[in-house]
Amino acid sequence: MPRNALVLAEGREKSVKRRHPWIFAGAVHHSKGKPKAGDTVEIYSHDGTWLARAAYSPASQIRARVWTFDKNEEVDADFFARRINAADQRRRPMVEREGITGYRVVAAESDGLPGITIDRYDNVLVCQLLSIGADKWRDAIVAALKARFPGCVIHERSDVEVRRKEELEPLVQTLEGELPGKVAIMENGIKLWVDLIQGHKTGYYLDQRDNRAAVLPYVEGKEVLNCFSYTGGFGTYALKGGAKHVTQVDVSESALALARDNLKLNSLDESRCDLIKEDVFALLRRYASEGRQFDVIVLDPPKFVDSKSSLKGAARGYKDINLHALKLLRPGGILLTFSCSGLMEQSLFQKIVADAALDAGRDAQILRFLSQSADHPVNVHYPEGLYLKGLVVQVS
Ligand code: SAH
């Protein structure tokens with residue numbers, strides 16, 4: 001039986017030859033056979049050279065996502081077990097040495113599994129299947145996880161709108177075992193609650209782990225403002241690191257409730273922490289008018305950019321919060337500022353922070369360049385895997 005295939009337009013094999021895993025609709029000249037959504041298709045160049053084996057997504061602009069560039073590798077249940085085991089194996093030394101119980105096991109394209117994210121929170125695995133190809137292999141993925149992590153609960157949090165681009169409904173379901181409402185993870189000697197029902201993404205911002213630790217050298221005896229705190233990760237670290245006082249701000253009431261629980265979980269004195277439900281844009285202005293000042297400010301906003309057309313508006317948003325935060329810093333104060341928008345490049349982000357410093361009338365130095373934690377690797381052939389950028393800035 002000849003296999004289903006996509007034949008690329010002339011010249012469009014270049015990115016596949018460079019092992020980029022996405023094949024856009026415009027690159028496809030014609031298809032062979034009758035592939036259905038999610039089926040595995042062979043990818044050929046215009047001159048008939050075999051290039052890759054990929055998942056077919058007829059509804060999406062990303063028409064196919066490559067599973068393998070190896071002609072001898074079949075895409076079957078074993079394939080998923082191999083890829084998942086290899087991804088977990090790569091993280092083992094880090095996880096074991098650092099005693100981490102919450103980490104990303106599989107980072108989609110960057111681990112050779114496009115559309116598949118798997119996070120581990122203690123003994124709960126949470127997966128997110130974003131593409132029709134990934135969705136189709138759910139049973140194989142679950143079987144592989146059961147074999148690799150015996151006794152773990154397996155939960156699916158595919159409640160994301162991007163699935164509609166693949167004509168898939170957002171979906172939440174528990175696939176194995178009984179899901180607890182929340183679970184505590186350990187990182188860098190700090191315990192953190194993860195809300196498995198209402199939590200953002202798969203439950204937690206695991207990508208910020210190293211950056212939460214990056215706050216520690218600057219906080220002892222200091223007054224800290226943690227903006228966009230979510231469940232208070234940065235603030236919990238700051239209090240553990242000896243901060244005199246931490247103010248945590250978020251618009252989400254349930255996130256702030258968990259931030260309070262995180263203080264208890266780490267035996268921290270609640271009188272050293274204020275939890276404020278307010279819009280950060282408004283709060284920074286209010287504090288300026290009240291003459292409030294801080295020694296350390298963390299700015300970790302949600303993704304402001306989801307398309308190239310929203311980049312300009314996002315740049316204004318980043319500039320606004322950075323400008324107002326810089327104004328609130330005491331001399332010698334530290335700003336930890338982040339952007340998790342993949343479309344915002346490091347150089348542009350740095351320029352925005354420089355512009356903000358200029359307008360705030362503050363001289364500043366960048367002390368450190370930060371990125372996503374090591375369990376969120378970037379495949380060299382898939383630079384889009386790098387999305388989180390951060391700067392540690394000190395004002396004069
Ligand atoms: N720093 C956190 C993650 C932050 S995620 C950590 O390390 O875990 C971004 C947070 O910003 C979310 O919790 C969201 O509720 C909050 N948020 C979004 N817009 C906001 C706004 N305008 N003002 C305050 N909080 C906001």
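I started at Tyr 318, which is buried, with a relative accessible area of 0%. For my own notes, buried means under 20% relative accessible area, exposed over 50% and partly exposed in between, with a 1.4 Å probe and protein chains only. This is a predicted model, so local features need pLDDT of at least 70 and side-chain atom pairs count only at pLDDT 80 or more, while totals for chains, interfaces and linings use all residues. Residues are numbered from 1 along each chain as its sequence is written, and side-chain values use heavy atoms, with hydrogens and water left out.

**Rings**

Next I looked up the aromatic pairs. Rings of Phe, Tyr and Trp (its six-membered ring) pair if their centres lie within 6.5 Å; planes under 30 degrees apart are stacked, over 60 edge-to-face, and the rest tilted. By this rule I get 13 aromatic pairs. One of them is Trp 67 with Phe 80, edge-to-face, at 5.0 Å centre to centre and 80° between the planes. That pair links distant parts of the chain, as Trp 67 is in strand 6 (residues 62-68) and Phe 80 in helix 2 (residues 77-98), 13 residues apart. Helices (H or I, at least four residues) and strands (E, at least two) are DSSP runs, numbered from the N terminus. Both Trp 67 and Phe 80 are buried.

Back to Tyr 318: its ring pairs edge-to-face with Phe 349, 5.9 Å centre to centre and 75° between the planes. Here too the pair links distant parts of the chain, with Tyr 318 in helix 9 (residues 311-327) and Phe 349 in helix 10 (residues 346-360), 31 residues apart. Phe 349 counts as buried because its relative accessibility is 0%.

I also noted a cluster in which ring pairs link Trp 67, Phe 79, Phe 80 and Trp 137.

**Charges over rings**

Which residue lies over the face of Trp 193? I found Lys 182 there, 4.2 Å from the ring centre. The charged end of Arg 292 sits over the ring of Tyr 287, 4.5 Å from its centre. The test I used wants NZ of Lys or CZ of Arg within 6 Å of the ring centre and within 35 degrees of the ring normal.

**Asp 111**

Asp 111 lies in the loop between strand 7 (102-107) and strand 8 (116-121). Is Asp 111 buried or exposed? Asp 111 counts as buried because its relative accessible area is 4%. Its side chain has a polar contact of 2.9 Å with the side chain of Arg 90. A polar contact is a pair of N or O atoms within 3.5 Å; within protein, one must be able to donate a hydrogen and the other to accept it, and residues adjacent in sequence count only if both atoms are side-chain atoms. A polar atom of the Asp 111 side chain also lies 2.7 Å from the backbone nitrogen of Ala 107.

**Two helices**

I checked helix 6 (residues 233-240) and found it mostly covered, with 7 of its 8 residues buried. Among the buried ones are Phe 234, Thr 236, Tyr 237 and Leu 239. Gly 242 follows helix 6, and its phi is positive, near 95°.

In helix 10 I looked up Ala 354. Ala 354 counts as partly exposed because its relative accessible area is 43%. Its C-alpha atom is separated by 43 Å from that of Gly 181, 173 residues apart along the chain.
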